[in-house]
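This report describes a two-chain model, chain by chain and then at the contact. Please look over the sequence and the structure before reading on.

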Amino acid sequence: MFANFSIDLFITAVTFGNLIPPGTTGIASYFLYIAPGSNLVTAMVAAFQSGRDVWREKYIKDLTSYLLSLPVPRLLLASSRIAGGVARSVIATFPGTIVICYLYGMLFDTRVLEAYLIVALFSLGIVGLSMSFAAFASSIEVFVTVRSLVQLYLSFLSTLFYKVEVVQEKAPFLVPIVSSNPMTWAVEAFRELKISGTGFAPISVLIAPSLFFALLGLGSYLWYSKL
Amino acid sequence: MSSSATLANASNSQALARPPNGGVFQIALRDIQTLFRTPWIIITRSLAFIIQLFVFATLISTLVHISSDPTFNFFQYYAIGSVVGTMASISFVIGYDIFEEAEEGVLDYLLTLPVSRRQFIIGRALGGAVRAMIYIIPMFVIVAVLENFTSPLNLIAAVLDLFLLSFGVTGLSITVAVSVRSANRFDVVLALLELAVSRASTALYPAIAMPFYVAILAPFSPVSLAAGSAREALTGGAINIASLAGLVAFVVIFLGLGAAFYFRKLEGGVYA
């Protein structure tokens, strides 16, 4: 995961940083502008792994019966799957978040905790979403297809690479899609951390959708297991 | 049973055991058919290409500016490069197929087919390359129409570059698939290789903008060679002999390595 992040950041982001001059559409440094995106893309990939695991347990490993025999309440089992997915995603992006915090000059600051909170909340939503897909996907092709489409939407139809003003100017019909994208909320929250004193306000926008997707994942997991 | 009937049966078995020319094509055809059995994957990848081209490249090209080359057309650069990058990415898929077949025991069945080992290996590589070509052609057509590339000779030269890249990457992918034993390690190695080969190349962005540690390596990437050669053929009308030679060398090396590793695996276990 860190290797993926490094390729994204130290090759792609640096190159685009050199291609886009400072000051373009009010962006002081394009490299710093897209840097948090590299980390959130890594978080997204790691979070989607939870759904893949659930799918494999269901269709390949046939582990459902074993999991149901565990001495834990079923709701707790489902919740812990989500919590585990979030923890894994935060661990996978741990060094990446440190690198971005260093680049943003807030490594020795309480904002580091806010950065991890953003990654965790974003991952929570994606873990929930991926578990929902895994519950309803009957074949690995369907799961992989849906995952790819969601990753495509999160990456290219968000403000990860460009400001919403650029989208407004060139493709105004995409603005509602870009503005309602969870990646847009997460990456914008991360960018706002650069400005100290913003508090938890930018992060709060992520709470409701992430909880919604997590509940969706929880419900789907319980439903598919016929719990 | 008469001796003549026995002889006739024996000669039939021999004919079945060694099909004269059809073995390679039968094996290749099988790999090509798997492409059409997974239409959702084709649709997703095509959609990914369209979004990358019509959303990402369109929007980002309004921001890109190179002071040393103010006329630089990033959209055109990215359009050709994304076809080449996608081609490399699709060609890696054969490795996943081969690894899965070995895991699921399908390989044992394939080895019972009346096809020689050499035909089998060449057929796999050819099938992987041809299916990647079939997959990429609609995208190539979109780019050709968008950028008004109409010269048949130039288009053929660019397609040749793509085919060589595809053949070489297929060999590389087979080499990795048969030399890594753990499923997780295989997934990681192939995904990283795919990412590194396409990102550390001049397919999607020019070397002039790359950080020095990538810029010194990028020109040697097979994806760079194919992208550079295809770009020159399509926009300048020239054939880049050096890039073509590099691509041919890449094909020979990795197809040879892939064949050697695969042959070794087929004949006696992974490391026997």
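## Terms and overall form of chain A

A residue is called buried if 20 or more other C-beta atoms lie within 10 Å of its own, exposed if 12 or fewer do, and partly exposed in between, with C-beta atoms placed from the backbone. By that count, 44% of the 227 residues of chain A are buried. The model is a predicted one, in which local features need pLDDT of at least 70, side-chain atom pairs count only at pLDDT 80 or more, and totals for chains, interfaces and linings use all residues. Residues are numbered from 1 along each chain as its sequence is written, while chains are lettered from A and ligands numbered from 1 in the order in which they are written.

Chain A has eleven helices and zero strands; helices (H or I, at least four residues) and strands (E, at least two) are DSSP runs numbered from the N terminus. The radius of gyration of chain A is 18 Å, close to the 17 Å from the globule rule for 227 residues, so chain A is as compact as a globular protein of that length. That radius is taken over C-alpha atoms, and the rule is 2.2 Å times the number of residues to the power 0.38. Along the principal axes, the C-alpha atoms of chain A fill a box of roughly 60 × 40 × 30 Å.

## Packing in chain A

Two residues are in contact if their C-beta atoms, placed from the backbone, lie within 7 Å. Of the contacts in chain A with a separation of 6 or more, 74% are between residues 24 or more positions apart.

Helix α10 of chain A covers residues 182-192, and its buried residues include A:W185, A:A186 and A:F190. The buried residues of α10(A) pack against α2 (30-59), α6 (111-136), α7 (140-156) and α11 (201-224) of chain A.

The largest nonpolar core has 137 residues, and A:I118, A:A186, B:V84, B:L165 and B:A226 touch the most other members. Such a core is a set of buried Ala, Val, Leu, Ile, Met, Phe, Trp, Tyr and Cys residues joined through C-beta atoms within 7 Å. Beyond four places in sequence, B:L165 touches B:V84, B:M87, B:A88, B:P222, B:V223, B:A226 and B:L247.

Helix α4 of chain B (residues 74-91) has 15 of its 18 residues buried, so α4(B) is largely enclosed by the rest of the structure. B:S224 lies in helix α11 (residues 222-236) of chain B and counts as buried, with 23 C-beta neighbours inside 10 Å. B:N148, in the loop between α7 (117-146) and α8 (152-179) of chain B, is exposed, with 6 other C-beta atoms within 10 Å. Although not a glycine, B:N148 has a positive phi of about 60 degrees.

## Confidence

The predictor gives the complex an ipTM of 0.83 and a pTM of 0.79. Chain B averages a pLDDT of 79, on a scale of confidence in each residue from 0 to 100. Over residues 1-17 of chain B, pLDDT stays under 50. Where pLDDT is low, the predicted coordinates should not be read in detail.

Conventions:
The expected span of a helix is 1.5 Å times one less than its number of residues. pLDDT is the predictor's confidence in each residue, from 0 to 100.
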